[in-house]
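Thanks for coming, everyone. I'll start with strands and then go to helices and cores.

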Amino acid sequence: MARDGGVSCLRSSEMMRVGIGGMESPPLDLDEVHVLAVDDSLVDRIVIERLLRITSCKVTAVDSGWRALEFLGLDNEKASAELDRLKVDLIITDYCMPGMTGYELLKKIKESSSFRQVPVVIMSSENVLTRIDRCLEEGAEDFLLKPVKLADVKRLRSYLTGDVKLSNANKRKLPEDSVPVNTSFPPPPSPFTISPDSSDSSPPLTISPELSDSSPPLSPLEISSSPLSSPIDDEDDDDVLTSSPESSPARRQKMRSPLD
Amino acid sequence: MDAHVAQLQMQYRNYILSLYQQGFLDDQFTELKSLQDDGSPDFVAEVLSLFFDDCVKLVGNMARALDQTGTVDFSQVGANVHQLKGSSSSVGAKRVKGLCINFKELCEAKNYEGCVRCLQQVDIEYKTLKAKLQDMFNLEKQIVQAGGIVPQVDIN
């Protein structure tokens, strides 16, 4: 087994099976990333769950926007004390869902004080630029074209981890958008260029868990083990758009003037 | 090396390759296989099983929607096609997905006969795929039972 930080993080995250509502303090492990996945398709839920688990995320998968809001405690007005312990690091949702679309869910999340800082990623089977733009405008962190692949999820994972290490900079930005404040971590220009199939070169029929951290050429940030501070801590609400690393045509880059 | 195992493995390899070559499967299927490991050895089978359940359900819905004496609710048919397109795409069921794309257009055009024909094709196609994949899984089982390991097949 490889001796890099990726594997040892994987190991310790397997050892630290912390329940969702049971965490009293911020997790100490880089890999304690909790993702809420929302999709009305059971097949897609199973697949996204697997993709996320392979990248060392804890996953809660629900089948509708309403259930997502319910899970987040946003379906009623009560400000529950439980919410302090509910740590959600990323919400990934399908766009086309009956009842409440992913876009509507996105809006509700961004309207909430407790969860507006949580990055929301939209998935869609349709590469409609107006749709992508609308979601990015509303504050979505990224837009994934279905069918979602491991490379896509790894990329999401990598910018979550990247945010953690930029302790002085805006945590919600993608590394290439972030201002190189006083960190030794240089904003990687294009190491995050991952074309959909490049991460695992060719015969990808079996994947060993070690690979989960080895593909995108991440900087040393993966190896250290400082505490993960939740993206929720971040106070910067104005950072709406982040550009997603290029790759497929679906990744529409929203090039706003960098905040500096 | 056991000749029997080797022969089964060869058969398996050829079979998989043919499924790709004949357009039954695409790279999303490869992706799913890559997500399977010793810790989750039945992942692909599980997902496919859910997919085929979906097919039964959605085809049933579409058949009922198209069976209206009177006005057919094409948007209802279309909604089911959309779902089937989504799940077929997610598992790499290339032919089924392709049919769904056509089907969607037929719904939008409110082409009744076209929809009925397309639905029949979808029905045949998913059942064909199901049988093919069952054969594939059976081959895997045979290989393992003969003491061999299921080879990784490089489809590139």
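Look at Val121(A): its bridge partner in strand 5 of chain A is Asp142(A). Before I go on, this is a predicted model, where local features need pLDDT of at least 70, side-chain atom pairs count only at pLDDT 80 or more, and totals for chains, interfaces and linings use all residues. Residues are numbered from 1 along each chain as its sequence is written, chains are lettered from A and ligands numbered from 1 in written order, and side-chain values use heavy atoms, with hydrogens and water left out.

Back to the strands. Strand 4 (residues 120–124) and strand 5 of chain A run parallel, joined by four bridges. Pairing takes at least two DSSP bridges. Strands are DSSP E runs of at least two residues, helices H or I runs of at least four, both numbered from the N terminus.

The whole sheet is open, with five strands in the order 2-1-3-4-5 and parallel pairing. Which strands stand at the edges? Strand 2 (57–62) and strand 5 (142–145) of chain A; each has a single partner strand, so one side of each lacks a neighbour in the sheet. Neighbouring strands are turned by 20 degrees against each other on average, direction ignored. Axes are lines fitted to C-alpha atoms, for helices over the stretch in contact, and angles run from 0 to 180 degrees between N-to-C directions.

Now the helices. Helix 2 (residues 42–54) of chain A packs on the sheet, touching strands 1, 2, 3 and 4 of chain A, at about 165 degrees to strand 2. Contact means heavy atoms within 4.5 Å. Helix 4 (residues 102–111) of chain A lies across strands 1, 3 and 4, at about 175 degrees to strand 4.

The buried residues of that helix 4 include Tyr103(A), Leu106(A) and Ile109(A). Buried is under 20% relative accessible area, with a 1.4 Å probe and protein chains only. Down the axis, the buried residues fall within an arc of 160 degrees, so they line one face. That arc takes directions from the helix axis to the C-beta atoms.

Finally, the cores. A nonpolar core is a set of buried Ala, Val, Leu, Ile, Met, Phe, Trp, Tyr and Cys residues joined through side-chain atoms within 4.5 Å. The largest has 71 residues; Ile92(A), Phe51(B) and Phe103(B) touch the most other members. Its largest share, 13 residues, comes from helix 3 (residues 43–66) of chain B. Apart from it lies another core of 25 residues, among them Ile91(A) and Leu106(A).

Methods. Buried means under 20% relative accessible area, exposed over 50%, partly exposed in between (1.4 Å probe, protein chains only).
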